[in-house]
Amino acid sequence: MAGVGKRLVTAAAVTAVLGSLLAATPASAAESVDWQPCADAPGVDCGTVTVPVDWAHPDRGTTSVALARRKATDPQARIGSVLMDPGGPGGSGTEEVKYGWSLSPEITRRFDTVGFDPRGVGASTRISCGLEELIADHPRVPHNQAEFDQLAEYNRKLGESCNRISGPLGQFGDTKSVARDMDAIRVALGEPKLTYYGVSYGTLMGQQYAELFPDKVRALVLDSNMDHSQFTAAEFLLSETRSVQAEFGEFAAWCDRTPSCALHGRDVSKLTRDLQDKAARGELKDPQTGEVLEPLDLASVFQGNFYTPSWDRLATVLKALADGTAPAASARLRDDIPINYVFQSVFCDDWRMPVHNFAELETYRRVAEAFAPDIKVNSLGWRAVTGCIGWPNRTSNPQHPLQVHGAPPLLVLSSRYDPATPYAWSQAVARQTGNTLLTYDGWGHGAYSKNSTCVTKATDDYLITGKLPAPGTHCAAVEPTATALVAQRPSTIGF
C-alpha cells in the first residue's frame with residue numbers, strides 16, 4: 001500500500017503542475033481567429049476566441065470572447081495589432097470599433113485596431129441577470145437601517161439571479177480573468193507581444209495584464225486610470241466626489257467667462273445648491289415630464305455632462321431646472337443610457353469595500369458632501385459602493401498595490417479634471433509602476449479623446465516606437481466651445 005500511495009501523490013503533483021501551467025498559458029487560443037465580415041459593419045471583421053471560464057481549472061468549461069477588427073489602412077507600414085477596451089465595467093470594444101471610436105489616423109494606418117468585449121459583455125458569452133430582480137423597487141440612497149437592509153436584500157437577490165441564469169460565468173467576471181483572456185487574444189492574433197490601449201476600467205485590465213505577463217508587453221497605454229489600491233469605501237467615494245466637485249469649479253468658472261453659457265452672469269454655485277435643496281425636499285421636477293428628481297438624479301446630470309465635457313449643454317439643463325422651463329431637444333435633461341447589467345458582477349468581484357450598516361454609509365455620504373458642497377456625491381462612485389452591499393459572491397480579485405516587474409515602460413495618461421477616474425488615481429498608478437504620467441491640463445474623461453494635438457502625438461509616438469514623453473510632461477487644455485459641446489455626449493456612464 002505504501003508504494004501505491006507514493007504513486008498517487010506523484011500523480012497528484014504532476015496534475016497540479018499541469019493545471020498551473022494551463023492556467024498561465026492561453027492554450028485554448030493557439031489557433032488563429034477565424035475572421036469573417038461583420039454583418040452589421042461594412043469593412044470590419046468579426047471573430048471570437050474561446051477561453052476557460054475558470055483559468056485555475058481550464059477543464060471546467062469555456063466561454064467565448066468576441067472581437068472586431070479594422071485592418072491597417074497602409075498594409076506596407078503595418079506594425080501589428082493594437083487591442084482596445086473602452087471601460088465600463090460593461091463597455092463593448094467590438095461596438096466601438098464597428099461604429100467609429102478609434103485611435104488617430106496615424107495609428108489606424110499602421111495597426112489593425114481590434115476591440116474586444118470582455119467576458120460577460122456584449123457579443124461575448126453574456127452574464128445575464130433576472131429582469132424581475134433588476135427592476136425591483138429598492139432605495140438607492142438609504143435613509144435608515146431598514147432601507148439599508150432593503151438595499152442589501154435587493155443586491156443579494158439580483159446577484160443570485162445572475163448566478164442562476166449565467167451559471168459559473170456569473171462568478172468569474174473579474175478583471176484578472178479578463179487579463180488572462182487578453183493574453184489568449186494576443187496569441188490568437190499572432191502577436192509575440194501585446195500592444196494595448198485601455199481607457200477607464202480598461203486601464204485595470206492593462207495594469208493586471210502587465211502584472212501577470214510583463215514579458216509579453218510591447219506597449220500599454222493606460223488612459224484615465226482606476227487605482228486598485230483604493231482599499232476602503234470611504235476613500236474610494238471621497239476621492240471620486242472630490243474629483244467631480246473640482247470639475248464643477250471649472251465649469252462654474254467657464255460659465256463666468258463665457259457669454260454663450262446659458263448661466264452666464266448668474267451665481268452657478270448658488271443656483272446648484274438651491275436645486276440640491278429642492279431635490280432633497282422632493283420638490284425638484286423634470287420640466288418635460290413632471291417626474292420628481294432625487295438628489296442622486298441631479299448628481300448624475302452633472303456626472304454625465306462632465307465626461308466630454310458638455311458644459312454648454314449642462315448649463316442649458318440647469319437653467320431649465322431652475323426656471324421650470326423645458327430645455328431644447330438637443331439638451332434633454334437625461335439621456336437614455338443603456339444599463340450595463342454586468343456592472344456589479346465585475347466590480348464586486350474586483351473590489352472588496354464592505355459597508356456594514358446605515359450609520360457607516362451615512363457617515364461616508366456626509367463626509368463626501370462636506371468636501372463637495374455643490375455636487376454632494378459622485379453618482380458613479382455611489383453606485384459602485386452601494387451596488388456591492390449584500391452582493392452574494394465573494395471578491396476573488398481584491399485591491400492591492402500594483403506590482404509590475406520586468407515590463408517595458410508603460411504610458412499613463414490622465415486629464416487634470418476627470419469626473420470618473422480622479423487624476424490622483426493616475427498619479428498613484430504612475431508611482432506604483434515607476435512610469436511616466438502624461439497630464440492633459442484640461443477636463444473630462446479620457447485624455448486621448450480630447451482633441452489635444454500634444455496628447456495625441458505623445459501617445460502615437462509611444463505606440464509606434466515605444467518612446468515615452470519626457471517625465472512631467474503636461475499638455476495644455478483645449479478650451480471647450482459651445483458648438484462642439486452641444487453635439488457631444490458620453491455613450492455610457494461608467495468607468
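Predicted model: local features only at pLDDT ≥ 70, side-chain atom pairs only at ≥ 80, totals over all residues.

Biologist: How many disulfides does a search of the whole structure find?

Modeller: A disulfide is a covalent bond between the sulfur atoms of two cysteines. With the bonded cysteines numbered in sequence order, the pairing reads 1-2, 3-4, 5-6, 7-8, 9-10. The search of the whole structure gives a total of 5 disulfides.

Biologist: How many residues apart in sequence are the parts that C129 and C162 tie together?

Modeller: The sulfur atoms of C129 and C162 lie 2.0 Å apart, and the two form a disulfide. C129 is in the loop between β5 and α4, whereas C162 belongs to helix α5, so the bond ties together parts of the chain whose separation in sequence is 33 residues.

Biologist: Is the link of C129 and C162 left-handed or right-handed?

Modeller: Both of its ends are buried, C129 with a relative accessible area of 16% and C162 with one of 1%. The angle about the S-S bond is 100 degrees, and the link of C129 and C162 is right-handed.

Biologist: How far apart are the sulfur atoms of C255 and C261?

Modeller: C255 and C261 are both buried. They form a disulfide, and the distance between their sulfur atoms is 1.7 Å.

Biologist: What is the handedness of the disulfide of C348 and C388?

Modeller: C348 and C388 form a disulfide with their sulfur atoms 2.1 Å apart. This pair links distant parts of the chain, with C348 in helix α12 and C388 in the loop between α14 and β8, 40 residues apart. The torsion about the S-S bond is about -100 degrees, so the disulfide of C348 and C388 is left-handed.

Biologist: With which side chain does that of Q230 make a polar contact?

Modeller: Q230 lies in the loop between β7 and α8, and at 10% relative accessibility Q230 counts as buried. Leaving aside neighbours within four places in sequence, Q230 is in contact with several residues, including W351, M353 and W425. The polar contact of its side chain, at 3.4 Å, is with that of S239.

Biologist: Is the aromatic pair of F343 and F495 stacked or edge-to-face?

Modeller: The count of aromatic pairs comes to 18. In the pair of F343 and F495, the ring centres are 6.3 Å apart and the planes make 25 degrees. Planes under 30 degrees apart count as stacked, and the pair of F343 and F495 is therefore described as stacked.

Biologist: How many residues apart are F343 and F495?

Modeller: F343 is buried at a relative accessible area of 3%, and F495 counts as buried at 2%. Ring pairs also link both of them into a cluster with Y201, F236, F347, W351 and W425. F343 is in helix α12 and F495 in the segment after α17, a separation of 152 residues.

Biologist: Which residue has its charged end over the ring of F343?

Modeller: A charge over a ring also occurs elsewhere, where R416 lies over the face of Y417 at 5.3 Å from the ring centre. Over the ring of F343, at 4.0 Å from its centre, sits the charged end of R383.

Notes. Residues numbered from 1 in each chain as written. Heavy atoms only, no water. Disulfide = S-S within 2.5 Å. Helix = DSSP H or I, 4+ residues; strand = E, 2+ residues; numbered from the N terminus. Buried < 20%, exposed > 50% of the residue type's maximum accessible area, 1.4 Å probe, protein only. Polar contact = N/O pair within 3.5 Å; in protein donor to acceptor, adjacent residues only side chain to side chain. Contact = heavy atoms within 4.5 Å. Phe/Tyr/Trp six-rings, centres within 6.5 Å; stacked < 30°, edge-to-face > 60°. Lys NZ or Arg CZ within 6 Å of the ring centre and 35° of its normal.
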